[in-house]
Amino acid sequence: MTFTSNEQKFLAEAGIGRLATVSPDGVVQNNPTNYRVNADGTIDIGGMRMRASRKYRNVEAGSRVSFVVDQQVSLEPYEIRGIEVRGTAVALDDEEPPFPPQERAVIRIHPERIISWGIDGGSFEFTSRTAE
C-alpha cells in the first residue's frame, strides 16, 4: 500500500491540501484543493472549473507535482503533522470528481515519494520513502 494506516486515516480526516504545479515557462503555482485518495494509492484533485484552471493546464503540459496536506494540532505544546506527496500527474477529462457537483475532470497524482511528519511518530519525526 502507498500510505501507512495512520497516513490513510490522516488523509481521510484532513480534507484540504495544496497542489503545486509548474507551468511550461517555469512559473510555480500552488493552490488549495480538495482531494480523494483512491484504493490504488493515487490521489484525485477536483474542482468546479477544473478544465479551465492553470493547475489542470500545467499538468496537461507535463508538470510534475507536489501535494501537501498538513495541520497544526496545538500551540502548547507546539504540534504539527502532515504529508507531502511528490510525483507525476495526469489530467483526466471524464472522471467522477471527489465531490459532486464538481466538473467531471480531475488531476490524478501518482505518488513517487512520500514525506510525512507527526503521523507515525512525534511532531518533529519525519519519514521519507519511495511510494510502493
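Analyst: The side chains of Arg108 and Asp44 meet in a salt bridge, at 2.7 Å from N to O. A salt bridge here is a side-chain nitrogen of Lys or Arg within 4 Å of a carboxyl oxygen of Asp or Glu. The pair links distant parts of the chain, with Arg108 in strand S6 and Asp44 in strand S3, 64 residues apart. Helices (H or I, at least four residues) and strands (E, at least two) are DSSP runs, numbered from the N terminus.

User: Before we go on, what kind of model is this?

Analyst: This is a predicted model, in which local features need pLDDT of at least 70, side-chain atom pairs count only at pLDDT 80 or more, and totals for chains, interfaces and linings use all residues. Residues are numbered from 1 along each chain as its sequence is written, and side-chain values use heavy atoms, with hydrogens and water left out.

User: Are Arg108 and Asp44 buried or exposed?

Analyst: Both Arg108 and Asp44 are buried. Buried means under 20% relative accessible area, exposed means over 50%, and partly exposed lies in between (1.4 Å probe, protein chains only).

User: Which residues are linked with them in a network of salt bridges?

Analyst: The network of salt bridges links Arg36, Asp44, Glu95 and Arg108. By the rule above, the count comes to twelve salt bridges.

User: What does Arg104 pair with?

Analyst: Arg104 meets Asp94 in a salt bridge of 2.8 Å, N to O. The side chain of Glu96 also meets that of Arg104 in a salt bridge, again at 2.8 Å from N to O.

User: What is Ile107 in contact with?

Analyst: Leaving aside neighbours within four places in sequence, Ile107 is in contact with residues including Leu19, Ile43, Asp44, Ile45 and Met50. Contact means heavy atoms within 4.5 Å.

User: Let us turn to the surface. Which residues form a nonpolar patch there?

Analyst: Leu75, Tyr78, Phe124 and Phe126 form it, with about 490 Å² of accessible area together. Patches are made of residues with over 30% relative accessible area and no salt bridge; like charges are joined within 9 Å, and nonpolar side chains (Val, Leu, Ile, Met, Phe, Trp, Tyr) within 5 Å. Accessible areas come from the Shrake-Rupley method with a 1.4 Å probe, and for residues only the protein chains shown count as cover.

User: Where is Tyr78?

Analyst: Tyr78 lies in the loop between strand S4 (65-74) and strand S5 (79-92).
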